[in-house]
Amino acid sequence: MSVTPSVPQAELTEAELKQAAQLEYIWQEPKGFIGWFKAVHHTTIGIRYVVTAFCFFLVAGLLAGAMRIQLAFPESHFLSADKYNQFFTMHGSTMMFLFAVPMMFEALSVYLVPLMVGTRNIAFPRLNAYSYYLYLFGGIMFYVAFLSNTGADNGWFSYVPLAGPDYAPGKRADFWAQLITFTEVSGLAVAVEILVTVFKLRAPGMSLNRIPLFVWGQTIVAFMVIFSLPAIMLSSTMLLLDRTGGTQFFNPAVGGDVLLYQHLFWWFGHPEVYLIFLPGTAVVSTIVTTFSRRHVFGYLVLVLSLVSTGFLAFGLWVHHMFATGIPQIAESYFTAASMMIAIPSGAQIFCWIATMATGKVVLKTPMWWVLGFFFVFIMGGMTGIFVASVPVDLQVHDTYFVVAHFHYVLIGGAVFPLFGALAYWFPKVTGRMLSEKLGQVSFWLFFVGFNVTFFPMHLVGIRGMPRRVYTYPANMGWTLLNQIESIGYIFIFLSVLIFMWNVFRSLRRGALAGPNPWMAGTLEWATTSPPPKYNFLHLPTVNGREALWDAAPNQPIVTGLDEDARSVLTTRTLDAEPEGKDEFPGPTIWPFLAAVATTAAFVASVFTPWGITLGAIPIAITMIGWFWPEKQPAARRREREIWPSE
Amino acid sequence: MIPCCISCKREQRVFDPGSAGAQIANGTALNEVHAGGAPPMMDMSQYESSAYAVTEGKRLYNAFNCVGCHAQGGGAIGPPLMDSKWIYGSHPQQIYSDIVQGRPNGMPSFGGKIPDYQVWELVAYVRSMSGQLPSDVAPSRSDQMPVAKAEQARQKEHPADENEQPVQRNAP
Amino acid sequence: MSLLASVPGFSSNQTALNPAGPAAVHIEHTFALIFWVTASVYVLTVATLVYFVWRRRHTFDTIPEPAPTSTESDRFATRAVTIAMAVTVILLFIMLISSFITSHRLGKMNAEQALTINVYGHQWWWEVEYPNQAEPYRMVTTANEIHVPVGTAIRIHGTSRDVIHSFWAPNIQGKRDLLPGYTTDILMQVDKPGRWRGQCAEYCGLQHAHMSFFMIGESQKDFDNWMTAQAQSSAQPATPQTKHGQQVFLTHSCVLCHTIRGTSAGSRVGPDLTHLASRSTIAAGMLPNTVGNLGGWILNPQALKPGSRMPPNQISGQDLQDLLAYLETLR
């Protein structure tokens, strides 16, 4: 077993240099201002996803700061009730829909999955660009609305009837519902791309049982996205129709049902938590493997845990609704299902600990973040048992205990691994190392700040403080704990500032990384840092779970792809044997235009249902432009019979 | 910028109307036809452009039992409010006077009871019933038995006196 | 569990860990069980993690070659992980069964003999009714304060008049959502006399933060006296000042929303004020019921509780004094 360093440029032969130049020419992204909107390569779009999602993370974090100032003092007037309600709704909606899922699933998988499976671009690259622009425009729409006093104010779940037509005047709830539509479309698009990329574009030899755990995690998430997002698409559309179209889905007076909304919402809303956390575990598996210097212990168990979490996630949505009065037999079922989810999560944690216990643990910044993940996430898992048990949940539900619980689970399960991932893959993306010292400082500040902020929330919740209150009376015994929480926020704030300074500084002055600074085993490290637009000079083949560690001395490479087109190799789903070759489309402006047209239709439908009907016309025009057949590739296909004629 | 300004007004939620708005409506006549003092210096556009104020008007319409006579706008004991016929004029100031002064054959006077701003909220809602307000400000359907189209979906009615200005008297 | 309960700060009258009724006691037991189990598991897991990371840490600045996995250490790890998983499953079962037992007990209180109290959630206050089967006209209506006899099972029969609220008095029982279009019944019992604070637990709009109530446990005798007093019509004003105060009430906007039984005020939009002075708080538990607070509240509720459904009232000083004097007589 030995690490195969990717071939440095200097050692390239004449023929290889020529081939590289040719690939560079074929795969280059267009230049210039207009060219920026035409880009379709997954690394370009992936970086945009990361930057955009991080910006939303910062904005939502600032909103949280304002809320912490408000809650630091009882009966405070820093924010009015109206503003506070908008702030916490914007914070929750942004973190869930514009940061967590886009960052953990879309951003990470779009950038990394094609590299990890060893192909040249993501499947459906134009759809990928379209999904990014929709996500961006949806977020911009949401914040333009917020800045013009139309920020959603009904909570990130927007329960009816509070968000319904009778109690939520104006357009605030409509913009929330439309934000959901934007993120749904973009999430579903990425899910399809990832599934096709993973199942059809893997490097030869990467059979199902050799897929890196990161890719497995994102694959399961993609499946969950496809099964869960339609539910919220349905509920948010019904909400919008009730509000603007005069339908009666949620009107109890004529047999509509306010609980129907909650069922639909949580059918999505619970899997949503796992959409955020499974990519986190995927990152943890990757970092633990690399920094324990051994193959991960219990690969099969980890994969099966991911799959079973994916299944179980759909069976426990009702534990968000125990307080609505569920029949006892149903309560028992959902309690059992909720506790059962601890089994696969526990299995994963034990396997990671076993990996570290039998390996050599290298304590670099990414590993510190993962260790932080263990402390925080396990705590979140433990408080999860409290909310899974019906009687206890009836006491802690909708109190600050739950706020503490899900911040431990989501920040622990997603944000800690995310900062680990950013530190881990930063050298790959930029070609430069982050500062180790600054990285550890920001880790410790975040770790301490996080616990100071969120641990007291357990206590204040048990002392009876409900969620989503804009203020509280002075004599309840909540003041001191709230002030401690607010102080913790300052630590987190500083930590993120230091992290950003670290990124900013390292972009210019960081040490050069080289192709594989961590001596890791997955395929993204086989190419240069940053990767060229064709990803790999020679498409790799795979001989084991950690492609680079397990590579044979003379590991073969893929040859025979066309050099005059964006040609990729397709392989069989199960065993990844080469199957054929396909040609990917090049850069084009149409996805951007289609996204603009779609945005216009969605925003117009906030004001009138006609928005969709009339808005469909420009969408159709841009789609026709998008799919208009191009002569050259069509001729090439006929000639080469990539798609053999019947 | 323009959509921002429009939406700022639409989303305005004024909870404390200030001392001017909280003044008890005193039955001042606003129209030459009726006796009374000077018209109040009210900027009613802030009510007609705020979705919250209109919705409050709708809530008050039920709370003060306007429903009892006017039903949900279709009229019963009292005249309908969703059509184009206005016995005492269709202008906001005239509707204001109707509410504040009361009218013969059963319309009670709310003057001296409710504050000025609530009257204006009621006026705004009453006008939304015949489609006079923009659809993004007028209320959507309510959580009750549907008896008519939602206010925001109604066609704008055109009362006969739509283009006349109510004659206003100068302050005495 | 007594250890946990003795943690300072959990003695307040709005906490699940200072139970004042059998339902909250059962829940506290399950809570304590889960707490000790999960706390031990957490400490053990994290200690194991720290131990192995410390022992296996690589002290040099370089990154070593990936190690081949030895079958022997893997076999040991397999055994350890299997045992850990088995323990996890067993502990989960223990907590699951404890949870089932508690759920079962909560549903098994003395439902036949229970005193029914109707609770309606409003934005942002609680309407409370004590229906009287034998003499329906003697039904007691009040707001934000629920008097109950200690040691008697109570059935809270609830629904909402507008959006979703959640009825929650943590010292007595877990919470239950009040949903428009649904009615719900929840059994509870207060064993310790006292004033137990509760609060709306489901986000219900602007003033969700100021929507509290009190469960007041008192002896059967005190409760009966209270009921008798509450079933009466309002006190008739006796002095010229209170007489004028009543007139102020009946000629200003008050009458459009409030009921005072025994007068012509009969609207159900706001809380019933027939026995306002017998209540200890106003504005859904937000302010103590003193003359000063009441006066300030009447003049401008929007300054105290922005968005609440009561408008500011411009009343002259004398009228306000008389109105307050009248309201103070409504015992």
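This report looks at a sheet, a helix pair, a chain contact and one histidine in a predicted model.

## The sheet in chain C

Start with the strands. Chain C holds an open sheet of 5 strands. Their order is β3-β2-β1-β5-β8, and the pairing is mixed. The edges are β3 (140-143) and β8 (184-189) of chain C. Each edge strand pairs on one side only. From one strand to the next, the twist averages 25 degrees.

Now take one pair from this sheet. Strand β2 (residues 125-130) of chain C runs antiparallel to β3(C). The two are joined by 4 bridges. C:Glu127 has its bridge partner in β3(C), and that partner is C:Ala143.

## Two helices side by side

Two packed helices are described by the angle between their axes and the distance between the axes. Here is a case in chain C. The helices are α2 (residues 22-56) and α3 (residues 71-106) of chain C. Their axes come within 9 Å and cross at roughly 170 degrees. Angles over 145 degrees count as roughly antiparallel, so α2(C) is roughly antiparallel to α3(C).

Which residues make the contact? From α2(C) they include C:Ala23, C:Ile27, C:Leu33 and C:Val41. From α3(C) they include C:Leu91, C:Met95, C:Ser98 and C:Arg105. By class, the contact residues divide into 9 nonpolar, 6 polar and 1 charged.

## Where chain A meets chain C

Next, look between chains. In chain A, 78 residues are in contact with 74 residues of chain C. Several helices of chain A give two or more residues to the side that touches chain C, among them α4 (81-117), α8 (258-292) and α12 (365-388). Which element gives the most? That is α11(A), with 11 residues.

The side of chain A that touches chain C has 48 nonpolar residues. Another 21 are polar and 9 are charged.

## A histidine in a loop

Finally, find C:His208. This residue is in the loop between β9 (194-199) and β10 (212-218) of chain C. Is C:His208 buried or exposed? A residue counts as buried if 20 or more other C-beta atoms lie within 10 Å of its own. C:His208 has 25 within 10 Å, so C:His208 is buried.

C:Val87 is 121 residues from C:His208 in sequence. In space, C-alpha to C-alpha, C:His208 and C:Val87 are 43 Å apart.

How values were computed: Residues numbered from 1 in each chain as written. Chains lettered and ligands numbered in written order. Predicted model: local features only at pLDDT ≥ 70, side-chain atom pairs only at ≥ 80, totals over all residues. Pairing = 2+ DSSP bridges. Axes fitted to C-alpha atoms, helices over the stretch in contact; angles between N-to-C directions. Parallel < 35°, antiparallel > 145°, perpendicular 65-115°, else oblique. Contact = placed C-beta atoms within 7 Å. Nonpolar A, V, L, I, M, F, W, Y, C, P; charged D, E, K, R; others polar. Buried ≥ 20, exposed ≤ 12 C-beta atoms within 10 Å, placed from the backbone.
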